[in-house]
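Please open the model in a viewer and keep the selection tool at hand. The tour below moves from one selection to the next.

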Amino acid sequence: MLELQEEFEEYAEKAKTLPESTTNEDKLILYGLYKQATVGPVNTSRPGIFNMRDRAKWDAWKAVEGKSQEEAMNDYITKVKQLLEAAAAASA
C-alpha cells in the first residue's frame, strides 16, 4: 500500500503539469478519483443548482463512490498516464 501511495502522490504532482487543453471531462474524472483516493466516499451534501462548478465536481466524486481507495489510486495513476501520453503525442 505504501508503494501505491507514493506512486499516487507522484502522479498527483504530474497531473499539475497537464496542458491547458485537458478537457473538463478528464479533469472531473481525475478530481473524482483523487477525492475518492484521499477522502473516501462523498461526505458532503450536493451543492446547489446555481453552483455548477462545485456540483460537477461533486457528481464526479459521487460517480466513483463504490471504489476502494486503492482502486481509486490505481485508476487515477492510469488516467494521468493516459493524459500525459496523449499530451506528448499531440505536441510531437
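A search of the whole structure finds 7 salt bridges, a salt bridge being a side-chain nitrogen of Lys or Arg within 4 Å of a carboxyl oxygen of Asp or Glu. The model is predicted, with local features requiring pLDDT of at least 70 and side-chain atom pairs counted only at pLDDT 80 or more, whereas totals for chains, interfaces and linings use all residues. Residues are numbered from 1 along each chain as its sequence is written, and side-chain values use heavy atoms, with hydrogens and water left out.

Side chains of opposite charge can pair when their charged atoms come close. Select Lys-81 and Glu-7, which form a salt bridge with their closest N and O atoms 3.7 Å apart. This pair links distant parts of the chain, since Lys-81 belongs to helix α4 (residues 69-91) and Glu-7 to helix α1 (residues 2-15), 74 residues apart. Helices here are DSSP runs of H or I with at least four residues, numbered from the N terminus. Lys-81 is partly exposed at 33% relative accessible area, and Glu-7 is partly exposed at 29%. The burial classes are buried (under 20% relative accessible area), exposed (over 50%) and partly exposed (in between), computed with a 1.4 Å probe and protein chains only.

Next, select Lys-79 and Asp-26, whose side chains meet in a salt bridge at 3.0 Å, N to O. Here too distant parts of the chain are linked: Lys-79 is in helix α4 and Asp-26 in helix α2, 53 residues apart. Are these two residues buried or exposed? Both Lys-79 and Asp-26 are buried; Asp-26 counts as such because its relative accessible area is 15%. Leaving aside neighbours within four places in sequence, Asp-26 is in contact (heavy atoms within 4.5 Å) with Lys-79 and Leu-83.

Then select Lys-67 and Asp-75, where the salt bridge has an N to O distance of 2.6 Å. Lys-67 is partly exposed, with a relative accessible area of 26%, and Asp-75 is partly exposed at 29%.

**Second stop: the nonpolar core**

Select Phe-8, Leu-30, Tyr-76 and Val-80. Of the 16 residues in the largest nonpolar core, these four touch the most other members. Such a core is a set of buried Ala, Val, Leu, Ile, Met, Phe, Trp, Tyr and Cys residues joined through side-chain atoms within 4.5 Å. Helices α1, α2 and α4 each supply at least two residues of this core, and α4 gives the most, with 6 residues. Centre the view on Leu-30: not counting residues up to four places away in sequence, Leu-30 touches Leu-18, Tyr-76, Lys-79, Val-80 and Leu-83.

Which residues of α3 are buried? They are Arg-55, Trp-58, Ala-60 and Trp-61, and their cover includes α2.

**Last stop: a surface patch**

Select Ile-49, Phe-50 and Met-52, which make a nonpolar surface patch of about 430 Å². Patches consist of residues with over 30% relative accessible area and no salt bridge, with like charges joined within 9 Å and nonpolar side chains (Val, Leu, Ile, Met, Phe, Trp, Tyr) within 5 Å. Accessible areas come from the Shrake-Rupley method with a 1.4 Å probe, and for residues only the protein chains shown count as cover. Ile-49 lies in the loop between α2 (24-38) and α3 (52-63) and counts as exposed because its relative accessibility is 51%.
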